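Let's take a quick tour of a protein chain, from its overall build down to one helix. Have a look at the structure below, then read on.

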Amino acid sequence: MTDLTIKLNNGELMPAIGLGTWRANESGLLAQTIKTAIGLGYRHIDCAKLYGNQEEIGKALKEVDVPRKDLFIVSKFEENRHRPELVAGALDEILNELQLEYLDLLLMHWPYAIKPEANAMSFASSDIENVPIMDTWRAMEDLVSTGKVRSIGVSNFNQTILEKMIPQCRIVPAVNQVEIHPYLQAKELVKFCKKSGIAVTGYCPLGGRRVNVMNDNFIKHVAEAHIGTPAQVALSWALARGIAVIPKSTNEIRLKQNLHQVTLTSDEMRMIGKIERHERKVDPASDNEELEWVFHEDKMECPVI
Ligand SMILES: NC(=O)c1ccc[n+]([C@@H]2O[C@H](COP(=O)([O-])OP(=O)(O)OC[C@H]3O[C@@H](n4cnc5c(N)ncnc54)[C@H](OP(=O)(O)O)[C@@H]3O)[C@@H](O)[C@H]2O)c1
C-alpha cells in the first residue's frame, strides 16, 4: 500500500512511507532513483542540506509527471544555521537547491548548533556554540506564515528537550524524525511524542548500513512466514506502530518491495518488541563527547533550551 498517511497536528497529511536520500548519490543513480520511486508510488521524499545532493533531487523533481501538491517534500537545515537570523536564509538555500517554491516539512536536523563557518559534516568541539533551541525554533515558527513551508518539526530530539520545549512553543513540532528500527525501538520517546501530538518518522528503518537488522534470525523467520522479506517486516513493524518510515534504496526491486507491507500478528509485534538492543547507528557523541546529551540524557543534561 502506498496511500498510508499520518495526520500531522496541523491537519496536513504525511505519506507514511517516504524515500530516504542519505548517500543515495553514491551509486550515481540518484536522479533516476527519484524518478523511478515516484513512478512506483512514492510521494514523500526525505532530503537534507547535509546530504549534499538536493540539486540533483531538484532536477529530477522537475522531470516527474506528478503535480507538486501530490508530493510531500521534507528537508532539514544544518547545525551551522541555528542562529535565528540565519534560519530564513537556510530555508531559501534549500528551496533554491530543490528548485521548489515551498517545502511540506522543514526540520531542525539536530538540537545543537555549530558556528556558521563550521562544516556540519566534520566539526571540532570548538565549533559548537550555544544557540538556545527555542531561539532557532521561534525563527522556524515565523517561516510558516511566509508560505515557504507548510509544517515545521525537529529531528534527533530526545524527550527531555521536547518536554522543556513544548510549553514554550507557539507551534508544537509536527514531527520528530529519529532513528528507529527493531534494534533501537525508542518505545518511551514514541509514546511521549504520540501523547504530545508529534508524529514520529523513523530513520534508518532497516538498520542502515551498519546495524544488521536484516540478518536477525527472528526477523528472517517472520519474513519467511509471510513470504516476504526482512525489510518488509522491519518496515511493517514500524508502520503498525504508527511510525512513518523513510527507507533508502537506489535499487528498483527493493524500492518496490519497501512499499508493500506484510500484516504482522500481535504475537509477532510483541516478539519483535523483545529483540531491542539499544543499538544506535547515528550518534554525534561518537565524534564529540560534548554532545553526549543528545542521546544520553542520563549522563549529561542539555545545556540550552
Ligand atoms: N534525521 C537524521 O539525522 C537522519 C539520519 C540518518 C538517516 N536519515 C534519513 O533516513 C533515511 C534512511 O536511513 P539510511 O539510509 O541510513 O538507512 P536504511 O534506509 O535503514 O537502510 C538503507 C540500506 O538498506 C539497503 N536496503 C534498502 N531496501 C532494502 C531491502 N528491501 N532489502 C535489503 N536491503 C535494503 C540499502 O541498499 P540499496 O540502496 O542498495 O537498496 C541501504 O544500504 C536516510 O536515507 C535519510 O533520508 C535521517
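Contact here means heavy atoms within 4.5 Å. Keep in mind that this is a predicted model.

**Overall build**
- If you go through the chain's secondary structure, you get 10 helices and 12 strands.
- A compact globule of 305 residues would have a radius of gyration near 19 Å, and the chain comes out at 18 Å, so the two agree.
- Picture a box of roughly 55 × 45 × 35 Å along the principal axes: that's what the C-alpha atoms fill.
- Take the contacts with a separation of 6 or more, and 74% of them link residues 24 or more positions apart.

- Of the 305 residues, 55% are buried.

**A closer look at helix 8**
- Helix 8 covers residues 230–240 and is mostly tucked away, with 10 of its 11 residues buried.
- Among the buried ones are Pro230, Val233, Leu235, Trp237 and Leu239.
- What do the buried residues of helix 8 pack against? Their partners are helix 7 (217–225), strand 12 (244–245), helix 9 (252–257) and helix 10 (266–273).

Methods:
Residues are numbered from 1 along each chain as its sequence is written. This is a predicted model: local features need pLDDT of at least 70, side-chain atom pairs count only at pLDDT 80 or more; totals for chains, interfaces and linings use all residues. Side-chain values use heavy atoms; hydrogens and water are left out. Helices (H or I, at least four residues) and strands (E, at least two) are DSSP runs, numbered from the N terminus. The radius of gyration is taken over C-alpha atoms; the globule rule is 2.2 Å times the number of residues to the power 0.38. Buried means under 20% relative accessible area, exposed over 50%, partly exposed in between (1.4 Å probe, protein chains only).
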